[in-house]
Amino acid sequence: MFTDFYFTNRSNIRSDHNIVFFQKITAQKSLTTRGFASIEKCQHDWSHKVRLPWGLSFRFVKRSGNTMPVYHLKMRYVKQKKAFFISKEGIVSMQQSYDNGKQHIDFVQMKGNDFIAIQLYRGAFLIGEQYFMGKYLNVQVDSIIHVTQCSDKNESLLADTVQNVLNIDFICFKSVYLTRIGDKNKGSTIKIDAVEKW
């Protein structure tokens, strides 16, 4: 499943800012996160569409820096049985659960220690990388997407310090219509015009 975001720039302020979609991974040691989708330098009265999938997946990152194939996570709201990943690099168990609006994914390296991290994806978009603490790794991710204006789509964002961030719990929406409004006197902001549910 997915949500389509339709963005229209109605602001008459000339700006080189991009509209950036990002998601903070709550268990990361660092508060920084990077934008994983963006609309670049949208001019006045132009419109764009960004499709964001709901599904999550991950890759193991090996000590060499190489990554393993993608494994898809289930969109579940109950605790799942442990899954085991067996390879020549070792054995890793993974358990998924849901609590307080967040997906919790717990990894344990049961044998071997060649995996140093996981990369977490929402569809094809990289939303975070997190490192094992010894043999354990816990990831918490919710369905809230943050939308803001940023000068560079790859710029690290501090989710708690970026101004004019619009937070949208996008799961269950088919379409979200966003508009950038404002002028030189008031500045610009992004607002939700309408939403459509599945």
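Of the 198 residues of the protein, 43% count as buried, where buried means under 20% relative accessible area, exposed over 50%, and partly exposed in between (1.4 Å probe, protein chains only). This is a predicted model, in which local features need pLDDT of at least 70, side-chain atom pairs count only at pLDDT 80 or more, and totals for chains, interfaces and linings use all residues. Residues are numbered from 1 along each chain as its sequence is written, and side-chain values use heavy atoms, with hydrogens and water left out.

**The whole chain**

Begin with the complete protein in a cartoon view. It holds 0 helices and 18 strands; helices (H or I, at least four residues) and strands (E, at least two) are DSSP runs, numbered from the N terminus. Among contacts (heavy atoms within 4.5 Å) between residues at least 6 apart in sequence, 60% join residues at least 24 apart. The protein exposes about 10,900 Å², of which carbon and sulfur atoms supply 49%; such areas come from the Shrake-Rupley method with a 1.4 Å probe, and for residues only the protein chains shown count as cover.

**First stop: strand S6**

Select residues 56–62, which make up strand S6. Because 6 of its 7 residues are buried, S6 is largely enclosed by the rest of the structure. Two strands are said to pair if DSSP finds at least two bridges between them. Which residue of S11 stands opposite Phe58? The residue is Leu120. Phe58 also has a bridge partner in S7, namely Tyr71. S7 (residues 71–72) pairs with S6 in the antiparallel sense over 2 bridges.

Select S14 (residues 144–150) together with S16 to view the 4 bridges that join them. Val147 has Leu166 in S16 as its bridge partner.

Select S9 (residues 90–99), where 7 of the 10 residues are buried. On one side, 5 bridges join S8 (residues 83–87) to S9 in the antiparallel sense, and a hairpin links S8 to S9 through 2 residues. The bridge partner of Ala83 in S9 is Met94. S9 is also joined to S10 by 9 antiparallel bridges, with Gln96 partnered by Ile105 in S10. In the hairpin of S9 and S10, which has 2 residues between the strands, Asn100 takes a positive phi near 55°.

Switch to a surface view and select Met110, which lies in S10 (residues 102–111). Met110 forms a nonpolar surface patch with Phe84 and Ile86, with about 360 Å² of accessible area together.

**Last stop: Thr8**

Finally, select Thr8 in strand S1 (residues 2–9). Is Thr8 buried or exposed? At 14% relative accessibility, Thr8 counts as buried. Not counting residues up to four places away in sequence, Thr8 touches Trp46, Ser47, Leu178, Thr179 and Arg180.

Notes. Patch = residues over 30% accessible without salt bridge, like charges linked within 9 Å, V, L, I, M, F, W, Y side chains within 5 Å. Salt bridge = Lys/Arg side-chain N within 4 Å of Asp/Glu carboxyl O.
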